[in-house]
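Please open the model in a viewer and keep the selection panel at hand. The stops below proceed from one chain interface to the relation between copies, and then into a single chain.

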Amino acid sequence: MPDPRQDLLFPADPGVRTLARRLHALAAEQPIISPHGHVDPAILAEDRPFPDPAQLLIVPDHYLTRMLLSQGVPPGRLGVPTVDGSPTETDGRAIWRLFAAHWHLFRGTPSRLWLEQTFREVFGLSTALGPATADEVYDAIAARLAEPEFRPRALFERFGIEVLATTESPLDDLAWHAKLAADGWGGPGGRVITTFRPDNVVDMEFEDWAGNVERLGAIAGEDTGTYAGYLAALRRRREAFVAAGATCSDHGHPTARTLALDRAEAAALYDRGRRGTADAADAEAFRAHMLVEFARMSIDDGLVMQLHPGSVRNHNRWLYARHGRDVGGDIPQATEYLHALTPLLDAHGNDPRLRVVVYTLDEYTFTRELAPLAGGYAALYLGAPWWFLDSPEVLRRFRESVTETAGFYNTAGFVDDTRAFCSIPVRHDVARRVDAGFLARLVAEHRLDEDEAAETIVDLAYRLPRRVYKIGERSQ
Amino acid sequence: MPDPRQDLLFPADPGVRTLARRLHALAAEQPIISPHGHVDPAILAEDRPFPDPAQLLIVPDHYLTRMLLSQGVPPGRLGVPTVDGSPTETDGRAIWRLFAAHWHLFRGTPSRLWLEQTFREVFGLSTALGPATADEVYDAIAARLAEPEFRPRALFERFGIEVLATTESPLDDLAWHAKLAADGWGGPGGRVITTFRPDNVVDMEFEDWAGNVERLGAIAGEDTGTYAGYLAALRRRREAFVAAGATCSDHGHPTARTLALDRAEAAALYDRGRRGTADAADAEAFRAHMLVEFARMSIDDGLVMQLHPGSVRNHNRWLYARHGRDVGGDIPQATEYLHALTPLLDAHGNDPRLRVVVYTLDEYTFTRELAPLAGGYAALYLGAPWWFLDSPEVLRRFRESVTETAGFYNTAGFVDDTRAFCSIPVRHDVARRVDAGFLARLVAEHRLDEDEAAETIVDLAYRLPRRVYKIGERSQ
Amino acid sequence: MPDPRQDLLFPADPGVRTLARRLHALAAEQPIISPHGHVDPAILAEDRPFPDPAQLLIVPDHYLTRMLLSQGVPPGRLGVPTVDGSPTETDGRAIWRLFAAHWHLFRGTPSRLWLEQTFREVFGLSTALGPATADEVYDAIAARLAEPEFRPRALFERFGIEVLATTESPLDDLAWHAKLAADGWGGPGGRVITTFRPDNVVDMEFEDWAGNVERLGAIAGEDTGTYAGYLAALRRRREAFVAAGATCSDHGHPTARTLALDRAEAAALYDRGRRGTADAADAEAFRAHMLVEFARMSIDDGLVMQLHPGSVRNHNRWLYARHGRDVGGDIPQATEYLHALTPLLDAHGNDPRLRVVVYTLDEYTFTRELAPLAGGYAALYLGAPWWFLDSPEVLRRFRESVTETAGFYNTAGFVDDTRAFCSIPVRHDVARRVDAGFLARLVAEHRLDEDEAAETIVDLAYRLPRRVYKIGERSQ
């Protein structure tokens, strides 16, 4: 009897389910293209065994720690490090047990789905996690992690990953990527490539922006004492990133605002920033302007721009004060695209040399702004639902909402956006299953022939992300 | 042959429907917890027979009268009283016939569902309402209402209500609740409890706020001539409400804005309000500040805060001028939570002693703001979809939208929020059916095991509202 | 064996599908009422053969040309004329082949559905369009277009259109409608009627508004040098439109804002506009005020107001500069209704002599504002999802969202809003199929009896649009 989990996430109607199964099978055999994520390149460069199950799967996953925080369990008890170095739980097994005791909180969440499928598919477990089985599951995973087949590079191969892009700041020396290239794993056209993410030298509200800009000059060999030197330094670093295999830049801004200042205005803002006299409006204007500046650079050097707007960082101030950034304290805000993107689109929106992939944390823009924009400008593509929206229900609503105006081919394909290396195949499989279910419904409702749906699902899983993110185009 | 209505609201797919039926059966045997509503406590304190069917079911139900108004039937013809006392229809049968003639307007609405199920399940009718059957249905209900089994307390027992919370203002003397307590029906841990709803002494834009504040002083035995006395009076009344069984406060504000003023600023605002020189911004600031003040009080006295923002009261000015408040003239407005709640969350959001249940009239915040907030702060819970959103389709979208980020256990369970006593079991059953259908789909899609879904639906129906609203915790 | 396409767009569940098929059959036999659209009346007045397939079906359809633009194909290659007269492609076959080469872009879009069904149902083709069949499809359509059965009036009859409303500006001399009336096709109660669309003489930001106002005076025989003369001229033109069969006016504004200025304020704005000193705020205020002014005129002359807010016109500036208006460069913006409509609703919202049909490009207002407003004011009706939202998925979400608060009978029925004459029956059929599927689900979930659903679907398809848009009321 076949495993009923083969039908995970497929619509329940038997006819649609049969169609979904056939379509998913085509997607399942495609390699994984992971053009945007946050895996630490050191993991693959060093290829050391992973740490214990809790350190690998619980502690760094802010989806998990924030859920327990929401029920009164402070992150320190789950081993999340503190800013001031005051001690937190370090016993992996204790963390694991505490987590397992709260496993019911994750019912109906993608975290539950990802972890459960990771246990099953990656680690080969058949025992369901729960308070009573915490130790059994912990021990089984720990045992696997000690095996050579569970080293990062071995998993990378087993996962069928063709290309994985990490994300680095311009201040990163890209040493890990150099090591990967030396090992035949990195560099242009390689299996592990980088992405140019300049927020810490662009956003004046970033911690120690002025210091970062100094360091940018030093690493680039340019004088960032002037705006012209700053731009030159950014261009130099982009060259270095391209040489390390980058095909994309990435920009995480509180809003989608863009602005085309003239050179003198931009320089004046920059100077205010360096002197420490810029206010919040200046910082927003400079971020907005730099997006247009980066679009110009992209037209020159070919990097695909990714724009991730709409997160209010560190909204939970207690959490930020105690545990710092990226531990679950960010919350989305309403995001306006139409007026915000106008300056960028006026300047370059119809230029097919530019490619901008826009993501959102605000699904209430899908039909009103995002689909009409992507379906009307040559430069714009829609990124996959992101972060809080990276879930079966929203992936489905995304297709149900944007396809009718933007079609499938103005979307960019799935990105996992994760630092959780072991969950990568599961996350891509979830997206492929949702797409299979959506396409199956179109076929069942006679809106698409099955042969077209079959071609489309392979496009979505493989060909489209390769093309949109320019993966493999520069291989040598 | 079983009544096909047993499958009311369940998804049509036979496999999912079978699962839904099993899950719903578990919920159906749970008692009803009604932690928020507007039933008049006098009904249960006096336990008199209900009035005629129209006065019971039509005249006070603004869902019904506004729908007929939208098709040109003025509320006076349905018996809605006027502000100036000018006469309106008083003949219950005439009102009933007029309503029945417009019954088709309610196709596809929850009002239709509630009424139809009330006729069937509460009054045991098998005749469908329509213009031709108006008299038959009227007479049948009227006959039932004359029977002792249809007195309020008898129905309360038959409905399987374990606890019902009514809502009173601090100016209420709680005499009905005292009578209920004397009869063994009320008081802490009783079957009928109150809720502290201070809008009329907090909102300077409320009719005669200054007079209300005077009366507050009188009833509390404090001098509300000063801000300190005002706070003391509120604390006194909260004590009285707790003594009458209250476990919650409730706050109906036009926005979700909160503000942490210092004592002097707050006192200055209060004084401007009392002198009649406060403007709209002052009123908004004072409301916002008082939410933080009430949070502090809640940490002390344990009352769970309920926040109901986003209604523009008396939008239909003709209706307000003619028939007053709460007759269907309110309309929702876009509601921002993220920035609005920041001051409150900064102050107390991670304090597990505080519990704030947030409701919404704006479903376009579910995934963007509400679920991330509830899934990231210990103090926050999501209330059930409310008022215009208290309907099968939105209850379903609520689960489809918030579960993936907040899970089931940061939601507070269903509240009926109704003054229509006879519809209470039906309303809870509708919510249980929708939850059963949603959980059944998760099971059918292999996202949840059936035993977990079974535990979850009982939690949602019974355990979770008891726990979140602290029902029964203080019983003596 | 029956054509499986008979089940196009019906839900896949066999039980629901069977119900949907029965309900749709009732709708399918109803005549088409098309109370709002943009068909050129000359087509029907002259009744000449249509041009080649590309000129008929591709070149004027901005849904199609914008999708190819979004993938880097400039509109000139598809034959879209330029503002400066510089040449674009004129070879219909070359345009058709280029379009067919990009046919996959339309998978999952309503354009695909409309065209495919037009090919099949209107032109009787059985060959699917694709790069390989482009010529075959082109030749087959071209051959049909040469036949007398494919002349406009013959198609009008074959399509089962009972009444078609076109849209003209007050500057139009209505000569085509006079010809139609002379032929027995037009005039009050006729088969082809006009609609009064005054944007070009109301919106000061419209190209050459001042000149248009001059021309308005000339055509109306009034002195538009004063505001009083301007109002008199508008009233005159409304009389002329009523005499040509109009039952509606139509207003396309960037926002839904309304404003009740006094006569002197309005006159001052008008004068600033004529002198060229009005700014953007003046223009917005004047548009807003004129909606209230038109409401007053509607109460007098009975024209039903249609309000189409929320489109940012010519957002794609390159496209506008090169190809002008209405070629796919407009994008929706967030649209607020509650506060915007307040002045109009305060003045006339409860007056059943007024009827205002409100459309939206922003579906994220369905449950929050639109349904509560339409379900609470006698004058308001909800128009069908429009333009980017005129698609199966949104038509379904519209019913799922607005029905619970507004019911079916505060919606106005489907309008095709198209200039693509040949697609009219297909578009109406899509809407009828979606409504059948929605009603079938209500029946399957025991929320509605089948006999009520049967009555409702005929109301939605035929009786409701006739009544709401006052079609046939003034026939002589």
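Contact here means heavy atoms within 4.5 Å. The model is predicted: local features need pLDDT of at least 70, side-chain atom pairs count only at pLDDT 80 or more, and totals for chains, interfaces and linings use all residues. Residues are numbered from 1 along each chain as its sequence is written, chains are lettered from A and ligands numbered from 1 in the order in which they are written, and side-chain values use heavy atoms, with hydrogens and water left out.

**Stop 1: chains B and C**

Select chain C together with chain B; 45 residues of chain C and 46 residues of chain B form the contact. The two chains bury about 3,800 Å² between them, 48% of it on carbon and sulfur atoms; buried area is the accessible area (1.4 Å probe) that two parts lose on being put together, summed over both. Next, highlight Arg368(C), Glu404(C) and His446(C), which supply 20% of the area that chain C buries against chain B, more than any other three residues.

Now display the side chains of Arg368(C) and Asp362(B), which meet in a salt bridge at 3.1 Å, N to O. The term denotes a side-chain nitrogen of Lys or Arg within 4 Å of a carboxyl oxygen of Asp or Glu. Nine salt bridges are found across the interface of chain C and chain B.

**Stop 2: chains A and C**

**Stop 3: the domains of chain A**

Select residues 4-48 + 152-475 of chain A as domain 1 and residues 50-150 as domain 2; the bounds come from an automatic or database domain assignment. The centres of these domains of chain A, taken over C-alpha atoms, are separated by 27 Å. Between them, 36 residues of domain 1 are in contact with 29 residues of domain 2.

Which side chain does Glu116(A) meet in a salt bridge? The partner is Arg5(A), at 3.4 Å, N to O.
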